[in-house]
Amino acid sequence: MWNIAGSGVAGSYLYGRLKNSGFDVRIFDPKVENFYIPCGFATNENLIKPFLDNLNIGFDQICEASGTPVEIVGNNFEPTEARNFGLCTINKMKMEQLMVGDSVIHSKCPGPTDDPVVDATGISRFYLPPAVGDKKMYAMEKVCSTSDHKNFYFYFFPKGRGYFWSFPLKGGYHIGAGGIDLEEVRSYLNKYESERILSRKIRMKPIMKDITSRNVIGVGESIGYISPLLGEGIVPALESAEALFQCIAKTDDLIEISELYLLKIRKRMDEFNRISGLVENMQSEKAIALSNILSARLALNEMKKFGFGISFRKILSHFL
Ligand SMILES: Cc1cc2nc3c(=O)[nH]c(=O)nc-3n(C[C@H](O)[C@H](O)[C@H](O)COP(=O)(O)OP(=O)(O)OC[C@H]3O[C@@H](n4cnc5c(N)ncnc54)[C@H](O)[C@@H]3O)c2cc1C
């Protein structure tokens, strides 16, 4: 019996994949139904669709805003309209609900158990050992009915300290900021009136050690499988859950599953690690090094993966 702890993006997707393929699986989450976990809901339409297809979910069922222009403001460059490569907003909670139906058991995972447990508990990382050198940033978001920015809007703070965003939804906006300095994060949001204010920390560095431990395997943000540049974690959570699903579908042996899974996610974890190094260098002002220029290319790719593109020259002038 597979036990999935956490019915966020990664856990819900993995549950749907396993259940539809005939596996014996349960999913646990103590949160109350429709609990609003902070998330901008922005993702890349082109990259999320194949995962939705795997569970027969139509993009239209969850789409909030698509095809909207993207405006970027950064350090050392003027406001720029970026190319939209698929940036959209989705209703993340509805997507998770479509993936799991009413199967979530509203409690923690019962333990101790010898059955395999998937730690999909996001920032909590509840079932894996505590991470050494875990790097987190503050993130705060308001759900607003109006915004100064009708389109997607990003303002990147100087020296890699974080960013402010305003993302369009069907009937309003997600306006938020994430960064290393809580006061700076708050200062960008003070002026906005909102229906809700939500906040939590966000993991900004992959956790390369203890991705698996005994009978527990981590997916999504619990192992830091999230872009350290943009805090983009929806598609990465789905990628890691799909990687684990494919390994489970291949063999019954838990050790083999863990080994195959580590191999599958290693390349992307290494990329996250390099980008996290670039962000750390910017924050500590250790600027121009060849490795940073190479990582700046990775940063450009991260933006494209999220769904927008600006020129490499602008990236360099911002980051270096
Ligand atoms: C303010 C903010 C804005 C963000 N905006 C975006 C964005 O616009 N686009 C994007 O791609 N990413 C965004 N992210 C990141 C993204 O939301 C996460 O990285 C992604 O949801 C991680 O998915 P996950 O499944 O790993 O964890 P989550 O989706 O966080 O789910 C974890 C689940 O585990 C449950 N849980 C916790 N403890 C236990 C336990 N002991 N037992 C069982 N269940 C437990 C929680 O209740 C939760 O449901 C944002 C994050 C923040 C904080």
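Okay, let's start at the ligand: helix H1 gives the largest share of the shell around it, three residues. Before I go on, keep in mind that this is a predicted model.

So who else is there? In total, 39 residues surround the ligand, and the closest are Gly8, Gly40, Gly122, Gly220 and Gly233. If you want to find your way by elements, the ones giving two or more residues to that shell are helix H1 (9-20), strands E3 (42-44), E10 (136-144) and E14 (196-203), and helix H6 (234-250). By class, the shell residues split into 18 nonpolar, 14 polar and seven charged.

Now, H1 and H6 also meet each other. Their axes come within 8 Å and cross at roughly 35°, and the crossing is right-handed. On the H1 side, the residues involved are Val9, Ala10, Tyr13, Leu14, Arg17 and Leu18. Over on H6, they meet Ile234, Ala237, Leu238, Ser240, Ala241, Leu244, Phe245 and Ile248. What classes do we get in this contact? Twelve nonpolar residues, one polar and one charged.

Let's zoom out to the whole chain. You're looking at nine helices and 17 strands. The radius of gyration is 19 Å, close to the 20 Å that the globule rule gives for 320 residues, so the chain is as compact as a globular protein of that length. The C-alpha trace spans about 55 × 45 × 35 Å along its principal axes.

Two last numbers on the inside. Buried residues make up 44% of the 320. And of the contacts with a separation of 6 or more, 70% are between residues 24 or more positions apart.

Methods
Residues numbered from 1 in each chain as written. Predicted model: local features only at pLDDT ≥ 70, side-chain atom pairs only at ≥ 80, totals over all residues. Helix = DSSP H or I, 4+ residues; strand = E, 2+ residues; numbered from the N terminus. Rg over C-alpha atoms; globule rule 2.2 N^0.38 Å. Buried ≥ 20, exposed ≤ 12 C-beta atoms within 10 Å, placed from the backbone. Contact = placed C-beta atoms within 7 Å. Near = placed C-beta within 6 Å. Nonpolar A, V, L, I, M, F, W, Y, C, P; charged D, E, K, R; others polar. Axes fitted to C-alpha atoms, helices over the stretch in contact; angles between N-to-C directions. Left-handed = near helix turned anticlockwise from the far one by under 90°.
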